[in-house]
Amino acid sequence: MDDGRVKAFRMLKPSCVELSQVALRYKVNKTTAKDLLKPLENLTDVLQTVHRSLDAKLADYVFFPLSQLLGESKKLPPRVLERSLICLSFLILHGWRNSISSEVGKQLLILLAFLAGGSSTDPKPEQVDEDVALNAFDCTTALFKSSITSLLGSHGTVNPENIPLLGHAVTVIIGGIANASPTRVRLAASRTLNALVDNLDDEDALENFFPGIVSTLTKVLSA
């Protein structure tokens with residue numbers, strides 16, 4: 001383990017332990033969502049400092065307490081979700097990069113699509129927080145750039161069983177562009193769509209989504 005990684009681990013450990021403890025207390029209703037903000041802010045500050053020394057193993061280490069929190073995403077307030085997604089973006093961009101596991105990648109794609117626009121059974125929730133949606137799209141962009149094809153398939157093709165998952169993500173993305181969202185959210189969704197098209201090697205899979213994409217963009221540009 002090189003000196004930079006050792007230093008990064010030593011700096012990350014207290015924040016991760018604190019977040020894990022508070023997240024567990026929150027899960028059993030022994031603390032409030034407000035108490036989650038401080039450890040998340042501490043973790044964000046450390047990640048900003050050590051991000052150049054992150055690798056996949058350190059990302060896995062940090063993701064453990066973060067995943068405990070994200071597992072409660074349906075009842076977390078927007079500020080906590082926003083800060084959690086900022087931490088997650090550091091892990092995707094600087095930790096896992098292109099080595100994120102398929103299983104974790106798929107779970108993240110489901111979560112991010114939900115936070116950006118709703119579940120597959122409720123794709124149009126009444127309200128999506130602007131900052132949460134923005135950070136969810138930014139995380140999805142990073143996830144796509146980290147090699148979307150390897151997350152959803154192998155040998156350059158998307159497994160048929162993962163087409164519905166990808167299809168829902170595309171629905172949320174083009175919804176973020178087409179709906180009456182704030183401009184910065186629409187721009188973030190546009191960057192996510194660009195990352196999808198640029199990084200998905202499976203042209204047959206892309207063909208499934210092009211009609212909807214083209215139709216939506218045409219409506220937006222002609223509005």
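Select Phe-90 first: this residue sits in helix 4, residues 78-96. Helices here are DSSP runs of H or I with at least four residues, strands are runs of E with at least two, and both are numbered from the N terminus. Phe-90 is buried, because its relative accessibility is 14%. Buried means under 20% relative accessible area, exposed means over 50%, and partly exposed lies in between (1.4 Å probe, protein chains only).

Before moving on, note that this is a predicted model, in which local features need pLDDT of at least 70, side-chain atom pairs count only at pLDDT 80 or more, and totals for chains, interfaces and linings use all residues. Residues are numbered from 1 along each chain as its sequence is written, and side-chain values use heavy atoms, with hydrogens and water left out.

**The whole chain**

Zoom out. The chain has 10 helices and 2 strands. Follow the sequence and the pattern reads α-α-α-α-α-α-α-β-β-α-α-α. Along the principal axes, the C-alpha atoms fill a box of roughly 50 × 40 × 30 Å. Of the 223 residues, 48% are buried.

**Salt bridges**

Side chains of opposite charge can pair when their charged atoms come close. How many salt bridges does a search of the whole structure find? The search finds 6. A salt bridge is a side-chain nitrogen of Lys or Arg within 4 Å of a carboxyl oxygen of Asp or Glu.

Select Asp-55 and Arg-5. Their side chains meet in a salt bridge, 2.4 Å from N to O. Asp-55 is in the loop between helix 2 and helix 3 (56-70), while Arg-5 is in helix 1, so the pair ties together parts 50 residues apart in sequence. Asp-55 is partly exposed, with a relative accessible area of 24%. Arg-5 counts as buried, at 12% relative accessibility.

Now select Glu-130 and Arg-184. In this salt bridge the closest N and O atoms are 2.5 Å apart. Glu-130 belongs to helix 6 (residues 130-145) and Arg-184 to helix 9, so the pair ties together parts 54 residues apart in sequence. Glu-130 is partly exposed at 30% relative accessibility. Arg-184 is partly exposed too, at 35%.

Asp-131 is partly exposed, with a relative accessible area of 26%. Show Glu-130, Asp-131 and Arg-184 together: they are linked in a network of salt bridges.

**Two loop residues**

Most residues other than glycine have a negative phi. Go to Asn-29, where phi is positive, near 60°. Asn-29 lies in the loop between helix 1 (3-27) and helix 2 (34-50). Is Asn-29 buried or exposed? At 64% relative accessibility, Asn-29 is exposed.

Next, select Arg-97. Its phi is also positive, about 55°, although Arg-97 is not a glycine. Arg-97 is in the loop between helix 4 and helix 5 (102-117). Its relative accessible area is 43%, so Arg-97 is partly exposed.

**Inside helix 8**

Select Val-170 in helix 8, residues 163-178. Val-170 is buried, at 4% relative accessibility.

**Surface patches**

Patches are made of residues with over 30% relative accessible area and no salt bridge; like charges are joined within 9 Å, and nonpolar side chains (Val, Leu, Ile, Met, Phe, Trp, Tyr) within 5 Å. Accessible areas come from the Shrake-Rupley method with a 1.4 Å probe; for residues, only the protein chains shown count as cover.

Select Val-197, Phe-210 and Val-214. Together they make a nonpolar patch of about 220 Å². Phe-210 lies in helix 10. With a relative accessible area of 34%, Phe-210 is partly exposed.

Last stop: which residues form a negative surface patch? They are Asp-201, Glu-203, Asp-204 and Glu-207. Asp and Glu count as negative, Lys and Arg as positive, and His and the chain ends are not counted. The place of a charge is taken as NZ of Lys, CZ of Arg, CG of Asp or CD of Glu. Asp-201 is in the loop between helix 9 (183-199) and helix 10 (203-222). Asp-201 is exposed, with a relative accessible area of 55%.
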